[in-house]
Amino acid sequence: MNSPEISPSPGQDAKPNASYIVTQLPTDQELVLKVIPMPADCNANGDIFGGWVMAQVDLAGSVLPARAVRGRFATVAVNQFVFKQPVKVGDLLSFFSKVTRIGHTSMTVRVEVYAERIRTSSEGFLKVTEASLTYVAIDEFGKPRPIQKLEHKS
Ligand SMILES: CC(C)(COP(=O)(O)OP(=O)(O)OC[C@H]1O[C@@H](n2cnc3c(N)ncnc32)[C@H](O)[C@@H]1OP(=O)(O)O)[C@@H](O)C(=O)NCCC(=O)NCCS
């Protein structure tokens with residue numbers, strides 16, 4: 001596999017680690033968000049700010065819980081968050097999610113983020129981030145409430 005060509009930028013990195021490049025997006029997870037980061041989302045190095053990525057992952061991670069919980073809910077924990085590769089301005093980001101646990105009032109999802117360097121390369125998808133987050137169904141007083149498991153669709 002040829003290495004993708006990434007144009008120089010203030011945050012120029014070595015070539016992406018080949019082990020993070022895949023030719024196909026996941027088929028066993030649901031596509032929950034697609035977005036292209038803008039220059040305003042950059043850090044001082046010229047790469048995309050990690051906090052921006054975290055916010056998108058929280059939004060993406062909330063999609064499957066929103067469908068299952070059918071009401072108010074809140075993020076209670078980010079159990080794991082790994083930035084595997086930098087995200088660049090203009091990357092086409094695809095967020096995939098899967099429910100990994102449904103508890104009494106909470107559910108945990110895995111989120112994987114893949115980047116297509118559409119401005120500089122036509123090759124493959126680069127896994128840039130993976131995370132695990134837990135959301136809790138809450139009532140009108142902000143207290144945990146049971147999740148109706150039978151209504152869940154993944
Ligand atoms: C979400 C919230 C209502 C939970 O209240 P709580 O008193 O901690 O509730 P509980 O201890 O009964 O836990 C409720 C569920 O959350 C899970 N949970 C609580 N803390 C957790 C943690 N650190 N990691 C993973 N799961 C956790 C519990 O295991 C439980 O799940 P289960 O019922 O499926 O077994 C409360 O913590 C809260 O309001 N947090 C702020 C949420 C928020 O504002 N999020 C946005 C951040 S900007």
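Here are legends for a few close-up views of one predicted model.

View 1. Residues are numbered from 1 along each chain as its sequence is written. Since this is a predicted model, local features need pLDDT of at least 70 and side-chain atom pairs count only at pLDDT 80 or more, while totals for chains, interfaces and linings use all residues. You'll find 2 helices and 6 strands here, running β-β-α-α-β-β-β-β along the sequence. Helices (H or I, at least four residues) and strands (E, at least two) are DSSP runs, numbered from the N terminus.

**View 2. The nonpolar core.** The largest one has 27 residues. A nonpolar core is a set of buried Ala, Val, Leu, Ile, Met, Phe, Trp, Tyr and Cys residues joined through C-beta atoms within 7 Å; buried means that 20 or more other C-beta atoms, placed from the backbone, lie within 10 Å of a residue's own. Strand S6 puts in the most, 7 residues. Among those with the most contacts inside this core are Val57, Phe95 and Val128.

**View 3. Zooming in on Val57.** Skip its neighbours within four places in sequence, and Val57 is in contact with Phe95, Val111, Val113, Thr129 and Ala131. Contact means C-beta atoms, placed from the backbone, within 7 Å.

**View 4. Around the ligand.** Of the 13 residues here, Ala77, Gly103, His104, Thr105 and Ser106 come nearest. A residue counts as near if its C-beta atom, placed from the backbone, lies within 6 Å. Strand S3 (73–83) and strand S6 (125–137) each supply at least two residues of the shell, and S3 gives the most, with 4.

Notes: A residue is buried if 20 or more other C-beta atoms lie within 10 Å of its own, exposed if 12 or fewer, and partly exposed in between; C-beta atoms are placed from the backbone. Two residues are in contact if their C-beta atoms, placed from the backbone, lie within 7 Å.
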